[in-house]
Amino acid sequence: MATRVIIAEDEAIVRRDLREMLELEGYEVVADVGRGDEALEAIRALKPDLAVLDIKMPGLDGMEVARRLQAEAPVAVVVLTAFSQRTLVEEARDAGVMAYLVKPFQARELVAALEVARARFDERQVIEAELAKLRDEQERLRERLETRVLLDRAKALLMERFNMTEPQAFRFLQKTAMDQRARVRAIAEQVLSGELQPDGSGD
């Protein structure tokens, strides 16, 4: 399947040349627009693999489009500029831009920039997915630790106030949770708050 690209460039001639270059290289240009706000709408709607954005455009500039995309609809972005400045490079990086290209350029330079952007974007997506998994695991471990602490406190309270052994206290928590179809943690919280007490049977 061909890589899908959206072009945003306010100069019609440059836009046409970009489309021709990309289509000759086997890319599928799903839209080409002349304004930044139109680019944002097209990318949201069409969800391309890559977006080629000129820096200077009416509506929204390419950098602002890239910033908004990074927050709501991540896509591999290449920006086009007439200037090569360090501050611009840093700003592009902070906006989530994966590659930039200084005008004028040849088709091979454009393709190279697109390939770099796609590779960097894919790598970032993998890293972010791994980080999300780590955060989920960390949250699960935190919840397990909190549950263990609550259970220990609830067992200690039952043992102290109701003369239960530790196995009896645990069975009470476990059986009550099963009977109420609730989590053991919720039952422990009820015991600790005084909402729930044993019936005095001690088992």
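Figure 1. On a 1 Å grid over the protein atoms alone, a pocket is an open set of points where a 1.4 Å probe fits, with protein on both sides within 12 Å along at least five of seven lines; lining residues have an atom within 4 Å of a point. This is a predicted model, in which local features need pLDDT of at least 70 and side-chain atom pairs count only at pLDDT 80 or more, while totals for chains, interfaces and linings use all residues. Residues are numbered from 1 along each chain as its sequence is written, and side-chain values use heavy atoms, with hydrogens and water left out.

The largest pocket has a volume of about 220 Å³. That volume is the space filled by probe spheres set on the grid points, which are joined across faces, edges and corners. The lining holds 15 residues. I55, K56, T81, A82 and F83 lie nearest the pocket centre. Strand 4 (76-81) and helix 4 (86-94) each give at least two residues to the lining. Helices (H or I, at least four residues) and strands (E, at least two) are DSSP runs, numbered from the N terminus. By type, the lining has 6 nonpolar, 2 polar and 7 charged residues. Here Ala, Val, Leu, Ile, Met, Phe, Trp, Tyr, Cys and Pro count as nonpolar, Asp, Glu, Lys and Arg as charged, and the others, Gly among them, as polar.

Figure 2. A salt bridge is a side-chain nitrogen of Lys or Arg within 4 Å of a carboxyl oxygen of Asp or Glu. The whole structure contains 24 of these salt bridges. One pairs E128 with R124, with the closest N and O atoms 3.7 Å apart. Both residues sit in helix 5 (residues 107-162), 4 residues apart, or about one turn of the helix. E128 is partly exposed at 39% relative accessibility; R124 is buried at 18%. Buried means under 20% relative accessible area, exposed over 50%, and partly exposed in between (1.4 Å probe, protein chains only).

D152 and K155 form another salt bridge, their closest N and O atoms 3.6 Å apart. These two are 3 residues apart in helix 5, so about one helical turn separates them. D152 is partly exposed, at 35%. K155 is buried, at 12%.

Figure 3. E139, R142, E146, R185 and E189 are linked by salt bridges. Within this group, E189 bonds to R185, with the closest N and O atoms 3.5 Å apart. The pair lies in helix 7 (residues 184-193), 4 residues apart, so the separation is about one helical turn. E189 is partly exposed, with a relative accessible area of 38%. R185 is buried, at 17%.

Figure 4. Most residues other than glycine have a negative phi, and most peptide bonds are trans. K103 and P104 are joined by a cis peptide bond, with omega about -10 degrees. P104 lies in the loop between strand 5 (99-102) and helix 5.

N163 is not a glycine, yet its phi is positive, at about 55 degrees. N163 sits in the loop between helix 5 and helix 6 (166-180). N163 is exposed, with a relative accessible area of 68%.

R181 also has a positive phi, near 55 degrees, in a residue other than glycine. The loop between helix 6 and helix 7 holds R181. R181 is exposed, with a relative accessible area of 81%.
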